[in-house]
Amino acid sequence: MSIKYFFWLIGQVIVGGVTIAVDMLRPSPNVKPVVVHYPLRITSERDLAAFSTSVTMTPGTLSLGFHDGFLDVHAVYGQDPDEVLAGLAEMEERLNPAVKDLDRGAPGQGPGNPLRSTLIAGRSDDNYGPTETFDGPSKAFGERERKTDV
């Protein structure tokens, strides 16, 4: 992890914290939680640990775990799952610039438009994108109505 990445991440933590604080002061917060299934391009244990920790440090996102070359991430602001995936791709590229031209099919990966993708998040047979969403931020996790995107 470079010094440049460290300072970029600190900036993301500050911006994310302010965004969430302002949103929570509104009468009706603009949250739409989503869990995305992000295809990883990094492979080293060091990079995987740094990436997962960076995701969790950033307000509004939480790393849920690795499996089969993917990272599941919970995002508070999941109105546009493609944007969440593109943000994760940007973070991964800033952490390890060598993966910039690798494309595993998620928005933001590979050369070109940062939101370019060959699939629609949440509706792909490749299981990229959101795996589940919940309505209503006021109910406890177990009480929310579960929806599965197919």
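A helix here is a DSSP run of H or I with at least four residues, numbered from the N terminus. I started with that, then looked up Ser52, which is found in helix H2. The model is predicted, and I kept this in mind throughout.

**Entry 1: Ser52.** I then listed what Ser52 touches beyond its neighbours within four places in sequence, and found Ser63 and Phe66. I also took the distance from Ser52 to Leu64: the two are twelve residues apart in sequence and 8.6 Å apart in space, C-alpha to C-alpha.

**Entry 2: overall layout.** I counted three helices and five strands in the protein. Along the sequence I read the pattern as α-β-α-β-β-α-β-β. The protein has 150 residues, and 41% of them count as buried. For the accessible surface I noted about 8600 Å², with 58% of that belonging to carbon and sulfur atoms. I also looked at contacts with a separation of 6 or more: residues 24 or more positions apart account for 58% of them.

**Entry 3: confidence.** The average pLDDT of the protein is 79, and 73% of the residues score at least 70. Which element has the highest confidence, and which the lowest? Helix H2 (residues 45-57) is highest at 96, and strand E5 (residues 146-147) is lowest at a mean of 44. I marked residues 113-150, where pLDDT stays under 50. The model has 77 contacts beyond four places in sequence for residues 113-150. Where pLDDT is low, the predicted coordinates should not be read in detail. I left that stretch there.

**Entry 4: the largest pocket.** I noted about 740 Å³ of space in the largest pocket. Helix H1 (3-24) and helix H3 (81-95) are the elements that give two or more residues to its lining. I counted 21 lining residues, and those nearest the centre are Gln12, Thr58, Thr61, Glu83 and Gly87. By class, I sorted the lining into ten nonpolar, eight polar and three charged residues.

**Entry 5: Glu93.** I stayed with helix H3, where Glu93 is found. Glu93 has a relative accessible area of 16%, so I recorded Glu93 as buried. Setting aside neighbours within four places in sequence, I found Glu93 in contact with Arg41, Val99, Lys100, Gly108, Gln109 and Gly110.

**Entry 6: Asp72.** I placed Asp72 in strand E3. Why does Asp72 count as buried? Its relative accessible area is 18%, and the limit is under 20%. Not counting residues up to four places away in sequence, I have Asp72 touching Val35, Val36, His37, Leu62, Ser63, Leu64, Gly65 and His67. I checked one distance as well: Asp72 and Leu62 are ten residues apart in sequence and 8.6 Å apart in space, C-alpha to C-alpha.

**Entry 7: Asp68.** I found Asp68 in the loop between strand E2 (61-67) and strand E3 (70-75). Asp68 is exposed, since its relative accessible area is 71% and exposed means over 50%. I then looked at the backbone of Asp68. Most residues other than glycine have a negative phi. Asp68 is not a glycine, yet I noted a positive phi of about 50° for Asp68.

Terms used:
Residues numbered from 1 in each chain as written. Predicted model: local features only at pLDDT ≥ 70, side-chain atom pairs only at ≥ 80, totals over all residues. Heavy atoms only, no water. 1 Å grid on protein atoms, 1.4 Å probe; cavity = no way out; pocket = protein on both sides within 12 Å on 5 of 7 lines; lining within 4 Å. Points joined across faces, edges and corners; volume = space filled by probe spheres on them. Nonpolar A, V, L, I, M, F, W, Y, C, P; charged D, E, K, R; others polar. Buried < 20%, exposed > 50% of the residue type's maximum accessible area, 1.4 Å probe, protein only. Contact = heavy atoms within 4.5 Å. Areas by Shrake-Rupley, 256 points an atom, 1.4 Å probe, with all protein chains shown as cover. pLDDT = per-residue confidence, 0-100.
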